[in-house]
Amino acid sequence: MADLSLAKPANPSEPRGPSLLSMLWRDKLAFISAVVLILIVLFALFGPWLLGDMAIKQNLRGRNLPPFSLDRGWQFFLGGDSLGRPMLARLVVAAHSTILIAAGTVFSALLVGAGLGLVAGYMGKTTSQVIMRLADVIMSFPSLLIAVVVLYVLGPSIPNMILVLAITRIPIYLRTTRAEVLEVRERMFVQAAIVMGANHGRIIVRHILPVVAPTLVTIATLDFAFVMLAESSLSFLGIGVQPPEITWGLMVAQGRPYLNTAWWLAFWPGLMIVITALSLNLLSNWMRVALDPAQRWRLESRKTKNV
Amino acid sequence: MSEPLLTVKNLSVDFHTARGTVHAVRNVSWSVSRGETLAILGESGSGKSVSANAVMNLLDTPPAEIVSGEILYEGEDLLRVSYEKHRALNGKKIAMIFQDPLGHLNPVYTVGWQIMEMMTAHGRPSDLARTRALELIARVGLPDPEAAMRKYPHQFSGGQRQRLMIAMALMLKPDILIADEPTTALDVTIQAEVLALLKELQAETGMALVLITHDLGVVAEIADRVVVMNKGEIVETGTARDVYHAPQHAYTQKLIAAAPGKGEIRQLDGAAPLLLEAKNLCKSYGKFTALRDVSLTLARGQSLAVVGESGSGKSTLARTILRLEQADSGQALWKGRDLIAMNARDLLECRREIQMVFQDPTQSLNPRMSVYQLIAEGWDIHKLMPDKSKRRARVLELLEQVGLSPEHADRYPHQFSGGQRQRIAIARALALEPELIICDEAVSALDVSIQAQVIALLDGLRQRLGISFLFIAHDLGVVRDFADTVIVMKAGEIVERGPTAEIFEAPQHDYTQRLLAANLDPDPDVQAARRAALTHG
C-alpha cells in the first residue's frame with residue numbers, strides 16, 4: 001500500500017513551523033506538565049531558603065496531624081509528620097535534594113552512557129568489545145550491592161550518591177545508544193555524508209546523534225522516577241541521604257511504619273514522585289514529536305486534538 | 001466476450017487521515033472475464049492498488065471508507081457479504097500475490113508448510129495439500145520439490161520466492177488471481193520468466209488475472225486489456241494495443257511518451273581528457289567475489305553506464321571507487337592519482353570533486369535537516385563559501401537549477417514527493433561543483449514520468465556544466481537514453497563494453513543478448529513479435 005502515503009498532499013501550507021512555545025500550547029497536557037515541572041524546579045531552588053526553618057521545627061503536639069485542616073495554620077494543611085513537622089514545608093524543601101540527586105544521576109549517566117555508546121557503536125570491533133564487556137560487568141553486579149559497598153567506603157553524601165546511582169544506570173543508556181547507532185550508521189544518509197567527506201565527529205554529532213536522541217530522552221525520563229525510588233531505598237538502609245536532609249524517597253521510607261495510622265506521611269511524597277515522573281513523561285512525549293520534522297505538523301494544525 | 005467474472009462498479013474510497021480526507025479512488029469501474037488478463041496501470045499515488053485491496057477486503061476501515069460502489073462476484077456484492085463468507089472466498093476463489101515475496105512469507109516456517117497451510121486453513125486434509133503442493137512447486141519450475149518443501153524462505157532467491165508465492169496462490173485453483181506489482185522487485189531476466197509462467201498457468205487453468213503495475217513493458221507483455229489510472233480516477237480503458245498506439249487521454253499520452261529507450265542513441269564525440277581510470281579492481285567478501293579484475297575509463301563530460309542484474313557487483317564497483325568499501329587490490333586513478341591508496345587529506349579534496357546520488361532519496365537525505373541545511377552541508381565540510389550571506393543565494397540558485405522553487409529551502413525532505421527529493425539530492429551534489437557524479441540507480445525508485453524529467457535534468461547538467469556521470473542502472477531503456485558508453489557486468493566481471501549504439505544494436509556476449517531480450521518494450525506489437533520469434537526460432 002505504498003501508494004497511500006504518497007497520495008497525501010505533498011506540500012503542507014507552512015514551510016516553517018511555529019515557535020516551540022506555540023507548539024507547547026497546542027498540546028495541553030504537555031503544557032500543564034511544563035508548568036508543573038517549572039513549579040517543582042522553583043521549589044527545589046528556593047524551597048530550602050524560604051521554608052527551610054519551618055521544615056525542621058518539631059512540634060510534638062502536632063504529631064501525625066491529619067491533613068486538610070487549617071486550624072494550625074496553612075503549613076499544616078497537608079498534615080504533620082511523626083515529629084509534628086509540617087508536611088507541606090517538608091515536601092517543598094525535600095524537592096531540593098530529590099531533584100538534585102535524580103537530575104544529577106540521570107544527566108551524568110546519560111552523558112557518559114550515550115558518549116560511550118556512540119563510540120562503541122561507531123568505532124571498530126575491539127573498542128566496542130571493551131566497552132560492552134565493561135557494561136556487562138556493571139550489569140552483572142546487583143546494583144544495590146555496589147551502592148552499599150561504595151557508599152560504605154566513601155561515606156554517604158549527595159555527590160557520592162549521584163556517583164553510585166549514575167554508575168549503575170550507565171549500561172542502560174550505553175546499550176540502547178550502541179544498538180541504535182549500529183542501525184543508523186548503515187543508513188543511506190550517513191553514507192551520503194561520508195561520500196561528501198564529512199569526518200567522524202561531524203557524522204556522529206550531526207547525523208547520528210539527532211536520530212538517537214529521542215529514544216535516549218524517553219529512557220531518561222522513565223529513569224528519573226526509578227532513580228528517585230532507588231535513592232529512597234539507599235536512604236532507607238541508612239547509607240543514603242542523612243537526616244536532617246530530606247528527600248521524597250526518604251519521606252516515603254520514613255512514613256512506611258505509620259501507613260495504618262497516618263497514610264499521609266508516605267502518600268504525599270509518593271504523589272510528588274508520581275507527578276514529577278508523569279510530567280516528565282508527557283513532556284518528553286511532546287518533545288519527541290516537536291523535534292521530529294516529519295511529526296511536527298501534529299502540533300501545527302489548527303483543528304486536531306492532542307495526539 | 002463472455003460474462004465478466006468479477007465486476008467493480010463505481011467504487012469510491014476515501015481515506016480519513018489526520019490531515020484531512022483523501023479521495024483515494026473515485027467512481028472506478030472495471031471488470032475481468034475468465035481467461036482474461038486485465039492490467040491496472042498507474043504511477044504511485046494513483047490509487048491503482050486500492051480497488052484490488054477492496055476486492056480482497058484488505059482495506060483497513062478506518063482510515064479507509066468505502067463511500068459508494070459494489071464489487072460483484074458470482075452475483076454477490078463482496079462489499080456486503082459477511083466477514084466469514086469473505087474469508088472463505090479469499091484464497092479459495094480469489095487469490096493475490098504481492099510485490100515483495102519475502103515480506104509475505106513467514107521466515108520461521110518452511111515454505112512447504114506455508115504452501116500447505118493455504119489448503120489446510122480452508123479445511124482440506126493435509127495429505128491432499130501435500131500432493132498438491134509438490135505438484136505446484138514442480139509446476140512453477142523449482143528444482144527438487146521434495147527438498148524445496150523443507151527449506152525456509154531465506155534459502156530462495158527473489159525470483160524463486162515469487163514462484164513460491166504463485167504456487168501458494170494457485171493451491172485452491174482460484175478463479176481470479178490478483179497480482180500487485182509481482183515483478184517490480186525482480187531482475188529483468190527473472191521478470192520475463194515469471195510473467196511467462198503466469199501466462200502459461202493462466203492458459204492451463206483459465207483463471208482471470210488482474211495485474212497491477214506501473215510498467216508499460218509488463219502491460220505490453222501480458223495484458224489483454226488495460227485500465228489507466230491517474231489521481232484516483234480511470235482516465236482510459238481499452239485493449240493494450242489500442243491504448244498504446246492511440247492513447248486518447250492526455251495523461252496516457254504523457255505516460256507513453258515518458259517511457260525510456262525510444263530516443264536517439266548518442267554518438268561519442270571526439271576524444272576528451274581522461275578523468276577516471278580504474279585498473280583491475282578486486283573485492284571479495286569472504287568466499288564471495290563481488291569484483292574480479294574490473295577496469296574502466298571515463299573521460300571528461302561523458303557518461304558511462306554500468307548495467308547488470310542484482311548481485312552483479314555494479315554497486316560494489318561504485319562503492320570501492322568512492323572508498324566506501326576498501327578494494328582488495330587494484331587502482332582507481334582520479335586525474336592520475338590513486339583514490340584507493342590515497343591518504344585522508346588528499347581524499348577529502350577528491351571527495352569534493354566526486355559526488356554521488358543514491359537510489360532512494362527518502363533514505364539518502366537526513367530527515368532532520370531542512371533542504372537548506374542539506375545543500376549547505378558540503379560547504380561546511382569543505383570550508384567553502386565562508387560568507388554565510390552568499391550561501392542562501394547560492395542554495396536558491398541551485399534549487400532553481402534542479403527545477404524546485406526558492407520557498408522549498410526551509411522545508412524538510414518528508415514534505416516532498418519522491419521525484420522532488422531526488423532533485424534535492426542532485427542539488428546537494430551540485431553544490432560542491434563536482435566533476436563527476438556517480439548515480440547509483442538514481443532513477444529506478446521514481447515513476448516513469450518523473451524518471452524522464454530527472455534524466456533530462458541530468459543530461460542538461462552534463463551538457464551545460466560538463467559534468468561526467470558514472471551511471472549505474474538495471475533499466476536498459478534509461479541507459480540507452482543517457483549513456484555514451486556502456487559496461488555490462490555479470491557476477492563481478494565485465495562481460496562486454498562499448499559505445500551505447502554497439503551494445504544495443506549488436507550485442508556480442510550472450511549475457512548481453514539475454515538481458516536485452518528480457519527487457520520489455522512498451523509496445524505490445526513489438527513484444528508479440530518477440531514472443532513469436534522466440535517460439536518459432
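The following legends describe close-up views of a predicted model. Local features require pLDDT of at least 70 and side-chain atom pairs pLDDT 80 or more, whereas totals for chains, interfaces and linings use all residues. Residues are numbered from 1 along each chain as its sequence is written, chains are lettered from A in the order in which they are written, and side-chain values use heavy atoms, without hydrogens and water.

**View 1. The largest nonpolar core and Trp248(A).** This core (buried Ala, Val, Leu, Ile, Met, Phe, Trp, Tyr and Cys residues joined through side-chain atoms within 4.5 Å; buried means under 20% relative accessible area, 1.4 Å probe, protein chains only) has 133 residues. Helix H4 (residues 87-122) of chain A gives the largest share, 16 residues; helices are DSSP runs of H or I, at least four residues, and strands are runs of E, at least two. Trp248(A) is among the residues with the most contacts inside the core. Beyond four places in sequence, its contacts (heavy atoms within 4.5 Å) include Leu91(A), Met228(A) and Pro269(A).

**View 2. The surroundings of Ser312(B).** Ser312(B) is located in the loop between strand S13 (303-307) and helix H12 (314-321) of chain B. Ser312(B) counts as buried because its relative accessibility is 3%. A polar atom of its side chain lies 2.8 Å from the backbone oxygen of Glu309(B).

**View 3. A nonpolar surface patch on chain A.** Val137(A), Phe141(A) and Leu163(A) are among the residues making this patch of about 900 Å². H6(A) supplies the largest share, five residues. Leu163(A), in helix H7 of chain A, is partly exposed, with a relative accessible area of 43%.

Methods:
Buried means under 20% relative accessible area, exposed over 50%, partly exposed in between (1.4 Å probe, protein chains only). A polar contact is a pair of N or O atoms within 3.5 Å; within protein, one must be able to donate a hydrogen and the other to accept it, and residues adjacent in sequence count only if both atoms are side-chain atoms. Patches are made of residues with over 30% relative accessible area and no salt bridge: like charges are joined within 9 Å, nonpolar side chains (Val, Leu, Ile, Met, Phe, Trp, Tyr) within 5 Å. Accessible areas come from the Shrake-Rupley method with a 1.4 Å probe; for residues, only the protein chains shown count as cover. A salt bridge is a side-chain nitrogen of Lys or Arg within 4 Å of a carboxyl oxygen of Asp or Glu.
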